[in-house]
Amino acid sequence: MKIKLTLLALCCGVSAAQASDLILTGVIDGPLSGGTPKAVEIFVKNDISDLSVCGIGSANNGNPSSGEEYTFPNVAAVAGSYLYVASESPQFSAFMGFSPDFTHGTALSINGDDVIELFCNDQVIDVFGELEVDGTGTGWEYLDGWAYRKSDTVANGATFTLANWTFSGKNKLDNETSNANAATPFPIATFTTSDNGTGEPTDGEGEPTDGNGETDELLLGACNETATAISAIQGAGDTSPVVGETHVIEALVTSSLPAIDGFFVQELAANEDTDPLTSEGLFVVNSQVDYPAVGNIVRVLGTVSESFGKTQLLASDALFDCGTGSVTARQISLPFASAQLPESLEGMLVSFNDELVVTDNYALGQYGEVTLASKRLFIPTNVHTPGSSEALALATENALNRVILDDGQNGSNPDPVIYPTNGLSAVNTLRVGDKVAGVTGVMDYSFSSYRVIPTQYPQFIHSNLRQATPDITQGNLRIASANVLNLFNGNDVGNRFPAERGARTELEYERQIAKTVNALLTMDADIIGLMEIENDGFAENSTIFDLVSRLNAQAGEGTYAFVDAGGEIGTDAIAVGLLYQPAQVTPVGEVQINLDAIHNRPPLAQRFALTENAEQITVVVNHFKSKGCGSASGADLDIGDGQSCYNGKRVAQAQSLISWLNTNAALAEQDNVLVIGDLNAYAKEEPIVEFTNNGFVNLVAAHQGAEAYSYTYAGESGYLDHALASTILAAKVVDTIEWHINADEPRALDYSMQYTNDIQDFSFYAEDVFRVSDHDPVIISLQLEPAALFGDFDDDGDIDMLDIRAMMTAIQTGQSLDIRYDLNGDSRVSVIDARLLMNQCTRTRCAL
Amino acid sequence: MKKLICAFCMVIGLQVQAGEISVAVSQTSVDIGDVISLTLSGTALDSFDTFGLDILFDTSLFAVSSGVFDYPATGVATDLWLDSLFFSSLSNGVAASFADFATYSGDLLLARFELTAIAAGYSSFSVANVEFYDSLVSVTDTLNVTTASDVSATVAAVSEPSMLVLFLLAGVALLGRNTKISG
């Protein structure tokens with residue numbers, strides 16, 4: 001429970017602030033408009049009579065200290081409370097659910113890479129971040145996320161100690177609308193300390209205690225003496241009923257993990273209780289250099305605490321050799337029978353009965369972990385109507401069907417990344433859909449998730465193999481939709497990088513575009529719709545120009561061209577684009593741009609004619625508004641039906657596009673219309689239904705079924721990338737696939753060098769087609785043929801005297817002819833109709 | 001030769017106000033195996049670019065030269081554009097059609113082709129289902145074209161030998177017999 005600051009009127013009896021009275025415990029760079037809330041949390045260790053001797057300041061972008069930019073008012077603060085200082089109040093309140101205690105725009109003008117300094121009496125008493133270092137790319141970056149001080153660590157004055165902090169991870173708060181509902185919430189007011197500045201445990205009133213409210217000191221004792229049952233420490237709920245108390249336990253070591261500063265113990269079977277809701281395992285934070293061996297029975301004296309929801313014992317004394325023994329791993333399976341089940345196993349040795357499936361590898365590079373489930377999990381609105389009972393049931397089922405396979409390491413960006421076998425690399429991937437067998441380890445809870453830290457290395461089975469080329473049925477026209485992951489070739493003048501989005505350096509750009517070119521060439525589409533390409537026009541220094549130049553450098557001059565839409569399209573940083581192969585298709589008429597203000601990224605439409613037979617098709621490329629909730633308000637807010645924010649806007653964009661296709665003079669008469677792109681809506685969501693209710697056919701659903709996917713988010717798969725065909729065109733579609741070169745691959749294998757070390761920069765990267773983007777490309781194969789030529793009796797593609805003769809023969813011999821051949825309208829087919837058909841001959845005088 | 005020489009080609013026509021179509025055969029009395037010509041003519045025809053008609057006869061007695069049904073027809077003489085002339089074999093004759101971008105008028109040889117007598121019997125020759133159009137004038141109204149009267153031809157099963165030939169054969173036989181006696 002968060003304890004809000006109690007502000008007291010200045011009075012006597014409480015002391016002025018000392019250096020150890022305040023601790024900087026948290027910093028957040030939020031996801032709302034303008035990156036709010038921007039705030040810090042400060043823990044009050046001791047009563048302070050006058051806060052005005054203290055203040056706060058930030059140092060931005062690698063600059064030196066700015067000093068104390070904000071001084072607290074002359075109010076008192078009570079020990080054990082938390083202060084919240086934010087850059088503003090409304091957004092902070094909206095996100096956090098309570099108001100900040102103080103606001104100051106300048107002092108809290110932070111952006112996830114800035115330093116915070118806490119002052120008292122003109123001295124720096126605590127600091128977060130390294131002065132004169134831009135936090136971007138450092139271990140303490142908290143962009144669109146947060147950092148939180150570990151319990152029982154102390155302020156180090158002007159010295160920043162990275163190890164004293166935990167981090168949400170960069171961008172972990174993206175798209176979140178409230179901390180309460182966030183997947184990785186800021187751990188409000190969870191910092192605890194047993195040190196009142198003297199190094200002694202306190203009872204909250206600053207008095208020494210034994211943890212039981214008694215002043216008698218509890219001693220470790222000897223092996224086999226009476227000890228507290230772990231089940232009593234764990235309790236039957238989410239948190240321990242004896243937090244803050246000192247206890248002695250005696251149990252068997254199941255996993256010894258110096259890398260995370262502790263070891264797991266479990267009661268011997270004989271000492272277990274009978275309550276299935278109470279765990280028999282516990283994590284012991286080890287303060288000693290030595291660690292006990294697995295299988296040893298240990299006796300530990302320590303204080304019970306909750307660390308981000310994990311019950312643990314902060315060891316202060318221990319005996320590591322009270323004999324040996326063994327425990328049997330609890331056999332379990334996914335999905336969990338209930339949400340309470342993993343909590344009842346917290347700290348215990350468990351073993352999964354079945355092979356599990358990788359459902360999320362997004363954090364594999366950054367945290368060395370993957371999420372496992374019993375099967376691939378699907379976004380509920382990819383398979384069920386949003387808000388339906390089926391969708392809600394699937395969401396509930398999915399929530400129970402996951403556990404993280406941890407690497408047993410603290411910190412971020414491990415090297416090596418130990419999963420899969422022989423370690424992650426560009427040529428040794430671990431894809432979503434791959435299987436993992438023999439998962440046995442201790443059940444841990446940290447970073448808001450239940451996770452298994454293996455006690456034996458699991459078996460990885462590469463069951464979802466890479467597909468180096470798309471497996472698609474051949475037609476006579478191939479069209480692709482490809483999201484190119486913010487492909488920006490940098491600014492035109494001065495330092496090109498970092499650009500507004502995408503690659504941060506020239507080298508990163510070269511790595512990115514090399515993979516992009518490779519993927520586009522391999523899919524060998526005649527027409528390619530692009531999303532997330534830099535909106536910088538079509539001149540020689542534009543990204544699309546560069547992309548086409550590089551494609552042609554490999555494929556041959558003139559193999560690819562782009563549709564020139566005249567300049568920047570709309571005002572967004574990214575745009576859609578169209579590439580084509582001139583040998584295969586030719587643009588017909590002018591490109592059409594939908595400038596309806598509802599489109600933040602205007603759609604493009606272009607008619608093409610096939611070289612082979614002059615058949616025409618209109619391709620419309622789109623990138624609808626994303627699901628991110630950054631600036632959402634009113635009707636754009638997430639209503640909790642699974643469609644996230646801006647669903648109404650995406651529906652309006654779909655309606656606008658359909659209306660445009662029906663009314664635009666250059667588009668309305670076209671039968672063969674193909675809408676492609678990243679519509680930021682899953683298969684069953686309302687924007688897609690708008691299309692299918694208006695005569696469009698969902699080609700991905702038609703050809704790949706209900707479990708198609710092009711994207712994975714939070715361990716669930718679905719498709720945001722669509723191909724929607726007019727009814728007439730749908731009949732000419734031979735095949736449609738989502739080429740799974742991206743969504744299943746770990747993010748660590750993309751072009752970025754942001755979270756990799758010098759070795760990983762190369763071991764994680766290959767100039768191949770995999771993890772080019774976060775979206776899989778959609779590829780559509782069509783067979784466009786001219787409609788049967790009326791009067792072409794011999795079906796040779798023309799009308800000549802042989803066809804006239806055939807018609808004459810039919811008339812002469814009394815064969816039945818379609819009444820459509822009654823060209824003079826006299827209700828019969830006769831020689832004069834054959835004469836009239838001659839007027840339709842392909843060549844002069846119906847020459848052969 | 002064991003056939004009777006046809007004394008004349010019988011052509012019977014019925015002159016009417018507009019054009020007239022007639023059919024004629026080169027011989028009215030033939031033996032099996034004989035080849036005769038069938039002529040389809042038009043007289044005083046108004047301008048036309050399209051026609052269709054059937055030439056009716058007993059196809060068990062006369063076989064049409066096979067090239068007639070080729071495209072373009074072979075063995076067919078005509079005043080028209082041959083490529084625009086089409087023939088089909090019917091169970092009771094030959095269907096002939098014509099469609100062209102040019103127009104024709106007046107007295108015209110519409111088609112002439114050969115028939116081979118294949119069985120003994122009697123067959124009339126007539127024209128039926130006639131329709132002529134000038135598509136530049138009307139695509140629905142037919143031109144006023146009439147047909148001439150039927151003609152006919154007889155095919156003999158076996159030709160009767162002439163008296164002269166019989167006498168000559170008898171004389172040769174007798175001379176041969178006398179020579180053997182004297183010798």
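This is a predicted model: local features need pLDDT of at least 70, side-chain atom pairs count only at pLDDT 80 or more; totals for chains, interfaces and linings use all residues.
On the α14(A) side the contact is made by Ile804(A), Met807(A), Met808(A) and Ile811(A), and on the α15(A) side by Val831(A), Ala834(A), Leu837(A) and Met838(A). Sorted by class, this contact has 8 nonpolar residues, with no polar and no charged ones.

From α7(A), the residues Ile513(A), Thr516(A), Val517(A), Leu520(A) and Leu521(A) meet Leu547(A), Arg550(A), Leu551(A), Gln554(A) and Ala555(A) of α8(A). The class count for the contact of α7(A) with α8(A) is 7 nonpolar, 2 polar and 1 charged.

Chain A has 848 residues, of which 50% count as buried. Of the contacts in chain A with a sequence separation of 6 or more, 70% involve residues 24 or more positions apart. In soluble globular proteins, nonpolar side chains tend to be buried together. Here, the largest nonpolar core has 152 residues, and those with the most contacts inside it are Val265(A), Leu372(A), Val619(A), Leu674(A) and Ala725(A). Strand β25 (residues 477-487) of chain A gives the most to this core, contributing 7 residues. Which residues does Ala725(A) touch, leaving aside those up to four places away in sequence? The partners of Ala725(A) are Leu674(A), Phe696(A), Val697(A), Leu699(A), Ala730(A) and Val733(A).

A second, separate core has 56 residues and includes Val25(B), Phe62(B), Phe86(B) and Ala111(B). Chain B has 1 helix and 9 strands, and its order along the sequence is β-β-β-β-β-β-β-β-β-α. Of its 183 residues, 33% count as buried. Among contacts in chain B between residues at least 6 apart in sequence, 76% join residues at least 24 apart.

The two chains meet through 17 residues from chain B and 17 residues from chain A. On the side of chain B that touches chain A, the elements giving two or more residues are β3 (35-56), β5 (85-90), β6 (93-117) and β7 (121-133). That side of chain B divides into 8 nonpolar, 6 polar and 3 charged residues.

Ser717(A) is found in strand β35 (residues 716-718) of chain A. Ser717(A) counts as buried because 24 C-beta neighbours lie inside 10 Å. Not counting residues up to four places away in sequence, Ser717(A) touches Arg376(A), Leu377(A), Phe378(A), Ile379(A), Tyr709(A), Thr712(A) and Ala743(A). The C-alpha atoms of Ser717(A) and Glu707(A), which are 10 residues apart along the chain, are separated by 8.4 Å. In chain B, Asp79(B) sits in the loop between β4 (62-64) and β5. With 15 C-beta neighbours inside 10 Å, Asp79(B) counts as partly exposed. Asp79(B) touches Leu108(B) and Leu109(B), again not counting residues up to four places away in sequence. Between Asp79(B) and Leu110(B), 31 residues apart in sequence, the C-alpha to C-alpha distance is 6.1 Å.

Finally, the backbone deserves a look. Most residues other than glycine have a negative phi, and most peptide bonds are trans. A cis peptide bond joins Asp415(A) and Pro416(A), with omega about 5°, and the bond from Tyr419(A) to Pro420(A) is also cis, with omega near 0°. Pro416(A) is found in the loop between β20 (403-405) and β21 (435-437) of chain A, and Pro420(A) is likewise placed in the loop between β20 and β21. Asn171(A), although not a glycine, has a positive phi of about 65°; Asn171(A) lies in the loop between β10 (165-167) and α2 (230-234) of chain A. Asn171(A) counts as partly exposed, with 13 C-beta neighbours inside 10 Å. Asp795(A), another residue other than glycine, has a positive phi near 55° and lies in the loop between β38 (778-782) and α14 of chain A. With 9 other C-beta atoms within 10 Å, Asp795(A) is exposed.

Notes
Residues are numbered from 1 along each chain as its sequence is written. Chains are lettered from A and ligands numbered from 1 in the order in which they are written. Two residues are in contact if their C-beta atoms, placed from the backbone, lie within 7 Å. Helices (H or I, at least four residues) and strands (E, at least two) are DSSP runs, numbered from the N terminus. Ala, Val, Leu, Ile, Met, Phe, Trp, Tyr, Cys and Pro count as nonpolar, Asp, Glu, Lys and Arg as charged, and the others, Gly among them, as polar. A nonpolar core is a set of buried Ala, Val, Leu, Ile, Met, Phe, Trp, Tyr and Cys residues joined through C-beta atoms within 7 Å. A residue is buried if 20 or more other C-beta atoms lie within 10 Å of its own, exposed if 12 or fewer, and partly exposed in between; C-beta atoms are placed from the backbone.
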